[in-house]
Amino acid sequence: MDQSMRSCKKFVHLDLKGAPPRIGYLIELIQLFADLGANGLLIEYEDMFPYEGELKVLQSTTQPPYRRDEIVSIQDAAYSRGLEIIPLVQTFGHLEFVLKHEVFRDLREVDYCLGTLNPHRDAGVRLVQEMLQQVMKLHPKSTSLHIGADEVYMLGHGDESKHWLDVPGRSVHQLFLSHVIKVAKGVQESAPNLNLIMWDDMLRSITPETIKESGLVGLVQPMLWDYSPTLDVENTVMLMERYKSVGMSQQWAASSFKGSTTVHTCVTSTQRHLDNHLQWLKVASSLSAGIKLQGIALTGWQRYDHLSILCELMPVGLPSLGSCLQTLLHGGFTEEAQKKVVETLGTVDVEDNERLSSRTSSSFAGAKLAELIVKLTSLLESAELRHFQNNMFVRGWFTPYHRQKKTINPLIAQQIKTQAKIILDAVESQVQEVRGEMCLLYSDSTVQEWVDQHITPVLEPLHNLLREIETVLNEMGLCTESIS
(Lines give C-alpha, C1' and ligand atoms only; values in the text may rest on other atoms or scores of the structure.)
Protein backbone atom coordinates (compact mmCIF):
# COMPACT_ATOMS: atom_id res chain seq x y z
CA MET A 1 0.00 0.00 0.00
CA ASP A 2 1.44 3.35 -1.01
CA GLN A 3 1.86 5.77 1.88
CA SER A 4 2.79 8.85 -0.22
CA MET A 5 -0.57 8.89 -2.04
CA ARG A 6 -2.53 7.99 1.09
CA SER A 7 -1.00 10.83 3.08
CA CYS A 8 -0.94 13.54 0.39
CA LYS A 9 -3.79 16.03 0.13
CA LYS A 10 -6.79 15.23 -2.05
CA PHE A 11 -8.44 18.20 -3.76
CA VAL A 12 -11.81 17.93 -5.50
CA HIS A 13 -11.90 20.10 -8.63
CA LEU A 14 -14.98 22.28 -9.08
CA ASP A 15 -15.33 23.27 -12.73
CA LEU A 16 -17.85 26.11 -12.54
CA LYS A 17 -17.62 27.18 -16.19
CA GLY A 18 -20.58 24.90 -16.89
CA ALA A 19 -23.65 23.98 -14.82
CA PRO A 20 -22.62 25.95 -11.72
CA PRO A 21 -24.76 24.58 -8.87
CA ARG A 22 -27.15 26.81 -6.97
CA ILE A 23 -25.30 28.08 -3.90
CA GLY A 24 -27.33 25.96 -1.44
CA TYR A 25 -26.53 22.80 -3.36
CA LEU A 26 -22.88 23.76 -3.69
CA ILE A 27 -22.62 24.08 0.11
CA GLU A 28 -24.21 20.60 0.45
CA LEU A 29 -21.71 19.20 -2.05
CA ILE A 30 -18.78 20.62 -0.05
CA GLN A 31 -20.02 18.77 3.06
CA LEU A 32 -20.29 15.60 0.99
CA PHE A 33 -16.75 15.98 -0.41
CA ALA A 34 -15.46 16.20 3.17
CA ASP A 35 -17.50 13.14 4.20
CA LEU A 36 -15.98 11.19 1.31
CA GLY A 37 -12.40 11.99 2.34
CA ALA A 38 -11.38 15.18 0.51
CA ASN A 39 -8.92 17.65 2.09
CA GLY A 40 -9.47 20.56 -0.26
CA LEU A 41 -11.10 22.18 -3.27
CA LEU A 42 -9.51 23.32 -6.54
CA ILE A 43 -12.02 25.92 -7.71
CA GLU A 44 -12.15 27.08 -11.33
CA TYR A 45 -14.68 29.93 -11.40
CA GLU A 46 -14.10 31.25 -14.90
CA ASP A 47 -17.13 33.45 -15.79
CA MET A 48 -18.92 32.67 -12.51
CA PHE A 49 -16.58 34.94 -10.54
CA PRO A 50 -17.94 38.46 -9.77
CA TYR A 51 -15.19 40.36 -11.58
CA GLU A 52 -15.31 44.13 -11.16
CA GLY A 53 -14.27 47.24 -13.06
CA GLU A 54 -13.13 46.71 -16.65
CA LEU A 55 -13.27 42.94 -15.99
CA LYS A 56 -17.01 43.00 -15.28
CA VAL A 57 -17.55 42.03 -18.93
CA LEU A 58 -16.09 38.58 -18.09
CA GLN A 59 -19.12 37.71 -15.95
CA SER A 60 -21.52 35.12 -17.35
CA THR A 61 -24.46 36.56 -19.28
CA THR A 62 -26.55 33.37 -19.19
CA GLN A 63 -26.85 33.45 -15.40
CA PRO A 64 -25.61 35.76 -12.64
CA PRO A 65 -22.14 34.89 -11.30
CA TYR A 66 -21.78 33.95 -7.63
CA ARG A 67 -22.08 37.03 -5.46
CA ARG A 68 -19.13 38.10 -3.32
CA ASP A 69 -20.93 37.02 -0.13
CA GLU A 70 -21.63 33.62 -1.73
CA ILE A 71 -17.94 33.15 -2.49
CA VAL A 72 -17.27 33.90 1.19
CA SER A 73 -19.89 31.30 2.20
CA ILE A 74 -18.27 28.68 -0.09
CA GLN A 75 -15.00 29.25 1.78
CA ASP A 76 -16.70 29.21 5.18
CA ALA A 77 -18.31 25.85 4.37
CA ALA A 78 -14.97 24.43 3.21
CA TYR A 79 -12.92 25.73 6.14
CA SER A 80 -15.51 24.55 8.67
CA ARG A 81 -14.76 21.00 7.44
CA GLY A 82 -11.00 21.46 7.26
CA LEU A 83 -10.88 21.78 3.46
CA GLU A 84 -8.22 24.02 1.90
CA ILE A 85 -9.09 26.08 -1.19
CA ILE A 86 -6.88 26.57 -4.24
CA PRO A 87 -8.37 28.95 -6.83
CA LEU A 88 -7.54 28.14 -10.48
CA VAL A 89 -7.29 31.05 -12.91
CA GLN A 90 -6.20 30.48 -16.51
CA THR A 91 -3.43 32.88 -17.57
CA PHE A 92 -2.30 31.77 -21.06
CA GLY A 93 -4.40 29.06 -22.78
CA HIS A 94 -8.12 28.33 -22.34
CA LEU A 95 -8.95 32.01 -22.09
CA GLU A 96 -12.01 31.66 -24.33
CA PHE A 97 -14.23 33.29 -21.70
CA VAL A 98 -12.01 36.38 -21.86
CA LEU A 99 -10.84 36.59 -25.46
CA LYS A 100 -14.29 35.92 -26.97
CA HIS A 101 -15.20 39.50 -25.99
CA GLU A 102 -14.65 42.11 -28.68
CA VAL A 103 -12.96 44.45 -26.18
CA PHE A 104 -10.14 41.88 -25.70
CA ARG A 105 -10.04 40.55 -29.27
CA ASP A 106 -6.72 42.19 -30.11
CA LEU A 107 -5.10 40.25 -27.24
CA ARG A 108 -5.53 36.89 -29.03
CA GLU A 109 -2.40 35.17 -30.30
CA VAL A 110 -4.24 34.55 -33.58
CA ASP A 111 -7.66 35.97 -34.34
CA TYR A 112 -9.34 32.60 -35.04
CA CYS A 113 -8.17 30.97 -31.78
CA LEU A 114 -10.20 32.29 -28.86
CA GLY A 115 -8.23 30.44 -26.20
CA THR A 116 -4.63 31.68 -26.42
CA LEU A 117 -3.32 35.01 -25.17
CA ASN A 118 -0.77 36.98 -27.18
CA PRO A 119 2.26 36.91 -24.81
CA HIS A 120 3.83 40.05 -26.33
CA ARG A 121 1.21 42.59 -25.28
CA ASP A 122 1.68 44.30 -21.92
CA ALA A 123 -2.10 44.77 -21.82
CA GLY A 124 -2.51 40.98 -21.88
CA VAL A 125 -0.18 40.48 -18.94
CA ARG A 126 -1.91 43.29 -17.03
CA LEU A 127 -5.28 41.67 -17.77
CA VAL A 128 -4.36 38.28 -16.27
CA GLN A 129 -2.62 39.96 -13.32
CA GLU A 130 -5.80 41.90 -12.58
CA MET A 131 -7.87 38.69 -12.80
CA LEU A 132 -5.49 36.96 -10.39
CA GLN A 133 -5.54 39.87 -7.96
CA GLN A 134 -9.33 40.13 -7.87
CA VAL A 135 -9.71 36.37 -7.28
CA MET A 136 -7.02 36.19 -4.58
CA LYS A 137 -8.38 39.27 -2.81
CA LEU A 138 -11.60 37.30 -2.24
CA HIS A 139 -9.60 34.25 -1.06
CA PRO A 140 -7.41 35.73 1.70
CA LYS A 141 -6.84 32.38 3.45
CA SER A 142 -5.68 30.50 0.34
CA THR A 143 -1.96 29.70 0.43
CA SER A 144 -1.79 28.28 -3.12
CA LEU A 145 -2.91 29.49 -6.54
CA HIS A 146 -3.16 27.51 -9.79
CA ILE A 147 -2.29 29.60 -12.86
CA GLY A 148 -3.42 27.06 -15.48
CA ALA A 149 -1.19 27.33 -18.59
CA ASP A 150 -2.30 24.08 -20.25
CA GLU A 151 -3.05 23.53 -23.95
CA VAL A 152 -1.73 26.86 -25.23
CA TYR A 153 -2.81 26.16 -28.79
CA MET A 154 -1.38 28.10 -31.77
CA LEU A 155 1.39 29.71 -29.71
CA GLY A 156 4.01 31.04 -32.11
CA HIS A 157 1.53 31.45 -34.98
CA GLY A 158 0.74 35.13 -34.33
CA ASP A 159 2.54 37.86 -36.30
CA GLU A 160 4.27 39.26 -33.22
CA SER A 161 5.39 35.77 -32.18
CA LYS A 162 6.72 35.03 -35.67
CA HIS A 163 8.70 38.27 -35.55
CA TRP A 164 10.04 37.38 -32.07
CA LEU A 165 10.97 33.87 -33.25
CA ASP A 166 12.90 35.26 -36.25
CA VAL A 167 15.77 36.03 -33.87
CA PRO A 168 18.23 33.10 -34.02
CA GLY A 169 18.24 30.87 -30.93
CA ARG A 170 14.68 31.65 -29.87
CA SER A 171 12.00 28.94 -29.66
CA VAL A 172 8.28 28.54 -28.92
CA HIS A 173 9.33 26.74 -25.72
CA GLN A 174 11.20 29.84 -24.55
CA LEU A 175 8.25 32.01 -25.52
CA PHE A 176 5.93 29.84 -23.41
CA LEU A 177 8.26 29.85 -20.40
CA SER A 178 8.89 33.59 -20.54
CA HIS A 179 5.17 34.40 -20.27
CA VAL A 180 4.58 31.93 -17.41
CA ILE A 181 7.59 33.39 -15.56
CA LYS A 182 6.35 36.95 -16.13
CA VAL A 183 2.93 36.01 -14.67
CA ALA A 184 4.49 34.11 -11.74
CA LYS A 185 6.89 36.94 -10.87
CA GLY A 186 4.02 39.43 -11.00
CA VAL A 187 2.08 37.35 -8.45
CA GLN A 188 5.21 36.91 -6.32
CA GLU A 189 5.72 40.66 -6.06
CA SER A 190 2.32 41.19 -4.41
CA ALA A 191 2.09 37.83 -2.61
CA PRO A 192 5.61 36.46 -1.99
CA ASN A 193 4.41 33.54 0.17
CA LEU A 194 1.83 32.25 -2.28
CA ASN A 195 2.57 28.79 -3.65
CA LEU A 196 2.03 28.69 -7.44
CA ILE A 197 0.95 25.63 -9.41
CA MET A 198 0.66 25.10 -13.18
CA TRP A 199 -0.52 22.32 -15.50
CA ASP A 200 2.49 20.42 -16.83
CA ASP A 201 1.53 19.44 -20.40
CA MET A 202 3.33 22.32 -22.13
CA LEU A 203 6.52 21.44 -20.19
CA ARG A 204 6.59 17.80 -21.32
CA SER A 205 8.34 18.43 -24.62
CA ILE A 206 10.76 21.05 -23.25
CA THR A 207 14.32 19.91 -22.57
CA PRO A 208 15.54 19.96 -18.94
CA GLU A 209 18.27 22.44 -19.98
CA THR A 210 15.73 24.92 -21.40
CA ILE A 211 13.59 24.69 -18.24
CA LYS A 212 16.67 25.18 -16.03
CA GLU A 213 17.97 28.17 -17.98
CA SER A 214 14.56 29.88 -18.08
CA GLY A 215 14.35 30.62 -14.36
CA LEU A 216 11.04 28.76 -13.91
CA VAL A 217 12.40 26.45 -11.20
CA GLY A 218 11.45 27.67 -7.74
CA LEU A 219 8.64 29.85 -9.08
CA VAL A 220 5.99 27.27 -9.98
CA GLN A 221 5.20 23.64 -9.10
CA PRO A 222 4.00 21.36 -11.94
CA MET A 223 0.69 19.49 -11.73
CA LEU A 224 0.88 16.41 -13.96
CA TRP A 225 -2.46 15.50 -15.41
CA ASP A 226 -3.49 12.21 -16.93
CA TYR A 227 -7.11 11.02 -16.92
CA SER A 228 -6.70 7.78 -18.82
CA PRO A 229 -7.79 4.43 -17.30
CA THR A 230 -4.69 2.99 -18.99
CA LEU A 231 -2.28 5.72 -17.81
CA ASP A 232 1.31 4.78 -18.75
CA VAL A 233 2.90 4.35 -15.31
CA GLU A 234 6.49 4.03 -16.52
CA ASN A 235 6.35 7.14 -18.73
CA THR A 236 4.66 9.20 -16.00
CA VAL A 237 7.29 8.21 -13.44
CA MET A 238 10.06 9.10 -15.94
CA LEU A 239 8.45 12.50 -16.52
CA MET A 240 8.24 13.20 -12.79
CA GLU A 241 11.87 12.15 -12.33
CA ARG A 242 12.82 14.49 -15.18
CA TYR A 243 11.09 17.43 -13.49
CA LYS A 244 12.92 16.53 -10.27
CA SER A 245 16.25 16.51 -12.14
CA VAL A 246 15.84 20.21 -13.00
CA GLY A 247 15.02 21.10 -9.39
CA MET A 248 11.23 20.80 -9.45
CA SER A 249 10.93 18.24 -6.66
CA GLN A 250 7.58 19.52 -5.32
CA GLN A 251 4.97 18.13 -7.71
CA TRP A 252 1.23 17.54 -7.94
CA ALA A 253 -0.87 14.91 -9.70
CA ALA A 254 -4.26 15.33 -11.38
CA SER A 255 -6.64 12.45 -11.98
CA SER A 256 -10.27 12.50 -13.09
CA PHE A 257 -13.54 11.34 -11.53
CA LYS A 258 -15.78 12.63 -14.34
CA GLY A 259 -15.78 14.78 -17.47
CA SER A 260 -12.98 13.07 -19.38
CA THR A 261 -14.70 10.21 -21.22
CA THR A 262 -16.22 12.00 -24.23
CA VAL A 263 -17.23 15.60 -24.73
CA HIS A 264 -20.92 14.64 -24.62
CA THR A 265 -21.01 11.87 -21.95
CA CYS A 266 -24.01 12.14 -19.59
CA VAL A 267 -23.49 9.15 -17.25
CA THR A 268 -20.20 8.58 -15.41
CA SER A 269 -18.56 5.16 -15.45
CA THR A 270 -17.12 4.49 -11.99
CA GLN A 271 -14.86 1.69 -13.27
CA ARG A 272 -13.17 3.88 -15.89
CA HIS A 273 -12.22 6.49 -13.30
CA LEU A 274 -11.32 3.94 -10.64
CA ASP A 275 -8.83 2.46 -13.10
CA ASN A 276 -7.28 5.90 -13.59
CA HIS A 277 -6.75 6.24 -9.82
CA LEU A 278 -5.35 2.73 -9.48
CA GLN A 279 -2.76 3.70 -12.12
CA TRP A 280 -1.90 6.86 -10.19
CA LEU A 281 -1.38 4.74 -7.05
CA LYS A 282 1.17 2.69 -9.02
CA VAL A 283 2.92 5.89 -10.10
CA ALA A 284 3.11 7.17 -6.52
CA SER A 285 4.56 3.90 -5.25
CA SER A 286 7.27 3.96 -7.95
CA LEU A 287 8.65 7.46 -7.26
CA SER A 288 12.12 8.05 -5.86
CA ALA A 289 12.47 9.58 -2.41
CA GLY A 290 13.43 13.02 -3.80
CA ILE A 291 10.00 13.70 -5.30
CA LYS A 292 7.69 15.41 -2.84
CA LEU A 293 4.12 14.74 -3.94
CA GLN A 294 2.17 17.73 -2.63
CA GLY A 295 -1.30 16.49 -3.44
CA ILE A 296 -3.64 15.16 -6.09
CA ALA A 297 -6.50 17.05 -7.75
CA LEU A 298 -9.42 14.83 -8.69
CA THR A 299 -10.73 16.75 -11.68
CA GLY A 300 -14.42 16.79 -12.54
CA TRP A 301 -14.71 18.64 -15.83
CA GLN A 302 -18.10 20.11 -16.64
CA ARG A 303 -17.09 21.10 -20.16
CA TYR A 304 -13.99 20.33 -22.23
CA ASP A 305 -13.66 24.08 -22.73
CA HIS A 306 -15.76 27.23 -22.41
CA LEU A 307 -17.51 26.71 -25.76
CA SER A 308 -18.19 22.95 -25.67
CA ILE A 309 -21.36 21.28 -24.45
CA LEU A 310 -22.04 20.15 -20.89
CA CYS A 311 -20.78 16.69 -19.95
CA GLU A 312 -21.78 14.75 -16.81
CA LEU A 313 -23.45 16.81 -14.10
CA MET A 314 -22.03 16.56 -10.59
CA PRO A 315 -24.78 14.32 -9.06
CA VAL A 316 -24.12 11.66 -11.71
CA GLY A 317 -20.38 11.75 -10.91
CA LEU A 318 -20.62 11.52 -7.11
CA PRO A 319 -20.49 7.70 -6.79
CA SER A 320 -17.35 7.78 -8.99
CA LEU A 321 -15.84 10.59 -6.88
CA GLY A 322 -16.53 8.73 -3.63
CA SER A 323 -15.04 5.52 -5.01
CA CYS A 324 -11.92 7.34 -6.28
CA LEU A 325 -11.33 9.27 -3.04
CA GLN A 326 -11.70 6.14 -0.93
CA THR A 327 -9.43 4.20 -3.30
CA LEU A 328 -6.70 6.80 -2.74
CA LEU A 329 -7.26 6.72 1.03
CA HIS A 330 -7.12 2.91 1.26
CA GLY A 331 -4.48 2.29 -1.39
CA GLY A 332 -7.00 0.33 -3.50
CA PHE A 333 -10.73 -0.22 -3.96
CA THR A 334 -10.85 -2.44 -0.89
CA GLU A 335 -13.91 -3.83 0.87
CA GLU A 336 -13.49 -1.08 3.45
CA ALA A 337 -13.36 1.59 0.73
CA GLN A 338 -16.53 0.26 -0.93
CA LYS A 339 -18.31 0.06 2.42
CA LYS A 340 -17.59 3.73 3.17
CA VAL A 341 -18.91 4.85 -0.24
CA VAL A 342 -22.10 2.77 0.10
CA GLU A 343 -22.63 4.11 3.65
CA THR A 344 -22.34 7.69 2.42
CA LEU A 345 -23.97 7.52 -1.02
CA GLY A 346 -25.94 4.28 -1.11
CA THR A 347 -24.02 2.99 -4.14
CA VAL A 348 -20.56 2.94 -5.75
CA ASP A 349 -21.97 3.02 -9.29
CA VAL A 350 -24.51 5.55 -10.56
CA GLU A 351 -25.63 3.02 -13.19
CA ASP A 352 -26.75 0.66 -10.43
CA ASN A 353 -30.26 2.07 -10.73
CA GLU A 354 -31.96 -0.44 -8.47
CA ARG A 355 -29.72 0.43 -5.54
CA LEU A 356 -29.77 4.16 -6.33
CA SER A 357 -33.58 4.34 -6.46
CA SER A 358 -34.14 2.20 -3.36
CA ARG A 359 -31.41 4.07 -1.41
CA THR A 360 -31.91 1.68 1.50
CA SER A 361 -28.81 2.76 3.41
CA SER A 362 -28.67 6.47 2.64
CA SER A 363 -29.25 9.08 0.02
CA PHE A 364 -27.04 11.89 -1.21
CA ALA A 365 -27.71 15.41 -2.37
CA GLY A 366 -28.71 15.07 -6.02
CA ALA A 367 -29.38 11.28 -5.91
CA LYS A 368 -32.88 11.67 -7.37
CA LEU A 369 -31.57 13.72 -10.31
CA ALA A 370 -28.78 11.20 -10.91
CA GLU A 371 -31.30 8.35 -10.98
CA LEU A 372 -33.56 10.21 -13.45
CA ILE A 373 -30.68 11.13 -15.77
CA VAL A 374 -29.47 7.51 -15.89
CA LYS A 375 -33.00 6.35 -16.71
CA LEU A 376 -33.53 9.03 -19.38
CA THR A 377 -30.12 8.42 -20.95
CA SER A 378 -30.91 4.72 -21.23
CA LEU A 379 -34.12 5.56 -23.11
CA LEU A 380 -32.33 8.06 -25.38
CA GLU A 381 -29.70 5.46 -26.25
CA SER A 382 -32.24 2.70 -26.96
CA ALA A 383 -32.09 1.17 -30.44
CA GLU A 384 -35.82 1.83 -30.84
CA LEU A 385 -35.22 5.58 -30.66
CA ARG A 386 -31.73 5.88 -32.17
CA HIS A 387 -32.56 3.69 -35.17
CA PHE A 388 -36.20 4.62 -35.68
CA GLN A 389 -35.44 5.68 -39.26
CA ASN A 390 -34.31 2.10 -39.92
CA ASN A 391 -37.41 0.34 -38.67
CA MET A 392 -39.34 -1.83 -41.10
CA PHE A 393 -42.17 0.60 -41.79
CA VAL A 394 -39.98 3.64 -42.45
CA ARG A 395 -37.47 1.68 -44.56
CA GLY A 396 -40.20 -0.16 -46.42
CA TRP A 397 -43.00 2.37 -46.97
CA PHE A 398 -41.72 5.89 -46.22
CA THR A 399 -38.41 6.27 -48.10
CA PRO A 400 -37.33 9.46 -49.95
CA TYR A 401 -38.62 7.73 -53.09
CA HIS A 402 -42.10 7.31 -51.61
CA ARG A 403 -42.12 10.91 -50.40
CA GLN A 404 -41.02 12.27 -53.75
CA LYS A 405 -43.55 10.20 -55.74
CA LYS A 406 -46.27 10.66 -53.10
CA THR A 407 -46.95 6.94 -53.18
CA ILE A 408 -47.60 6.67 -49.48
CA ASN A 409 -49.74 4.02 -47.85
CA PRO A 410 -51.82 6.12 -45.39
CA LEU A 411 -52.43 3.14 -43.11
CA ILE A 412 -48.68 2.55 -42.67
CA ALA A 413 -47.98 6.31 -42.39
CA GLN A 414 -50.45 6.37 -39.50
CA GLN A 415 -48.66 3.35 -37.96
CA ILE A 416 -45.29 5.19 -38.15
CA LYS A 417 -46.91 8.28 -36.59
CA THR A 418 -48.34 6.25 -33.73
CA GLN A 419 -45.03 4.53 -32.98
CA ALA A 420 -43.07 7.79 -33.11
CA LYS A 421 -45.52 9.57 -30.81
CA ILE A 422 -45.40 6.74 -28.26
CA ILE A 423 -41.59 7.10 -28.08
CA LEU A 424 -41.71 10.92 -27.99
CA ASP A 425 -44.36 10.93 -25.25
CA ALA A 426 -42.31 8.51 -23.12
CA VAL A 427 -39.20 10.69 -23.50
CA GLU A 428 -41.11 13.92 -22.87
CA SER A 429 -42.60 12.50 -19.68
CA GLN A 430 -39.12 11.65 -18.35
CA VAL A 431 -37.67 14.97 -19.52
CA GLN A 432 -40.30 16.81 -17.46
CA GLU A 433 -39.28 14.80 -14.38
CA VAL A 434 -35.60 15.58 -15.00
CA ARG A 435 -36.38 19.29 -15.47
CA GLY A 436 -38.31 19.43 -12.21
CA GLU A 437 -35.49 17.86 -10.23
CA MET A 438 -32.67 19.69 -12.03
CA CYS A 439 -34.28 23.10 -11.37
CA LEU A 440 -33.84 22.50 -7.63
CA LEU A 441 -30.06 22.21 -7.99
CA TYR A 442 -29.22 24.30 -11.07
CA SER A 443 -30.36 27.55 -12.68
CA ASP A 444 -33.14 27.54 -15.28
CA SER A 445 -30.61 28.47 -17.98
CA THR A 446 -28.46 25.42 -17.13
CA VAL A 447 -31.52 23.15 -17.26
CA GLN A 448 -32.52 24.54 -20.66
CA GLU A 449 -28.96 24.24 -21.97
CA TRP A 450 -28.73 20.59 -20.86
CA VAL A 451 -32.04 19.74 -22.55
CA ASP A 452 -31.11 21.62 -25.74
CA GLN A 453 -27.74 19.85 -25.95
CA HIS A 454 -28.60 16.31 -24.89
CA ILE A 455 -32.30 15.79 -25.64
CA THR A 456 -33.32 17.99 -28.58
CA PRO A 457 -30.74 16.65 -31.11
CA VAL A 458 -31.77 13.03 -30.39
CA LEU A 459 -35.49 13.77 -30.87
CA GLU A 460 -35.09 16.07 -33.88
CA PRO A 461 -35.09 13.26 -36.53
CA LEU A 462 -38.37 11.90 -35.14
CA HIS A 463 -39.99 15.34 -35.11
CA ASN A 464 -38.82 15.89 -38.69
CA LEU A 465 -40.24 12.53 -39.76
CA LEU A 466 -43.61 13.34 -38.18
CA ARG A 467 -43.69 16.70 -39.97
CA GLU A 468 -42.88 15.01 -43.29
CA ILE A 469 -45.65 12.44 -42.82
CA GLU A 470 -48.06 15.25 -41.98
CA THR A 471 -47.05 17.24 -45.06
CA VAL A 472 -47.37 14.28 -47.43
CA LEU A 473 -50.74 13.19 -46.01
CA ASN A 474 -52.03 16.76 -46.22
CA GLU A 475 -50.93 16.96 -49.84
CA MET A 476 -52.83 13.73 -50.48
CA GLY A 477 -55.89 15.28 -48.81
CA LEU A 478 -55.86 12.59 -46.15
CA CYS A 479 -54.98 14.41 -42.92
CA THR A 480 -55.57 17.78 -41.35
CA GLU A 481 -54.30 17.04 -37.84
CA SER A 482 -51.19 19.08 -37.07
CA ILE A 483 -48.22 17.31 -35.51
CA SER A 484 -45.59 19.37 -33.77
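Predicted model: local features only at pLDDT ≥ 70, side-chain atom pairs only at ≥ 80, totals over all residues.

Biologist: Fine. Which residues does Leu41 touch?

Modeller: Leaving aside residues up to four places away in sequence, Leu41 touches Phe11, Val12, Leu14, Ile30, Phe33, Ala78, Leu83, Glu84, Ile85 and Ile86.

Biologist: And how many residues has the largest nonpolar core?

Modeller: That core has 144 residues, and Leu41 is among those with the most contacts inside it, as are Phe33, Met131, Phe176, Leu216 and Trp450. A nonpolar core here is a set of buried Ala, Val, Leu, Ile, Met, Phe, Trp, Tyr and Cys residues joined through side-chain atoms within 4.5 Å, where buried means under 20% relative accessible area, exposed over 50% and partly exposed in between, with a 1.4 Å probe and protein chains only. Helix H18 (residues 410–441) gives the largest share, 11 residues.

Biologist: Why does this core lie between domain 1 and domain 2?

Modeller: Domain 1 (3–364) and domain 2 (382–476) both contribute residues to this core, so it lies between them; the domain bounds come from an automatic or database domain assignment.

Biologist: Switching to strands, in what order do the eight sit in the sheet?

Modeller: The order is S3-S2-S1-S8-S7-S6-S5-S4, in an open sheet with parallel pairing. Strands (E, at least two residues) and helices (H or I, at least four) are DSSP runs numbered from the N terminus, and two strands pair if DSSP finds at least two bridges between them.

Biologist: Which strands stand at the edges?

Modeller: Strand S3 (84–87) and strand S4 (144–146) do, each with a single partner strand, so one side of each has no neighbour in the sheet.

Biologist: How many bridges join S1 to S2?

Modeller: Five bridges join strand S1 (residues 9–15) to strand S2 (residues 40–44), and Phe11 has Gly40 as its bridge partner in S2.

Biologist: New topic: where is Gly215, and is Gly215 buried or partly exposed?

Modeller: Gly215 is in the loop between helix H8 (208–214) and strand S6 (221–225), and its relative accessibility of 36% counts as partly exposed.

Technical notes. Residues numbered from 1 in each chain as written. Heavy atoms only, no water. Contact = heavy atoms within 4.5 Å.
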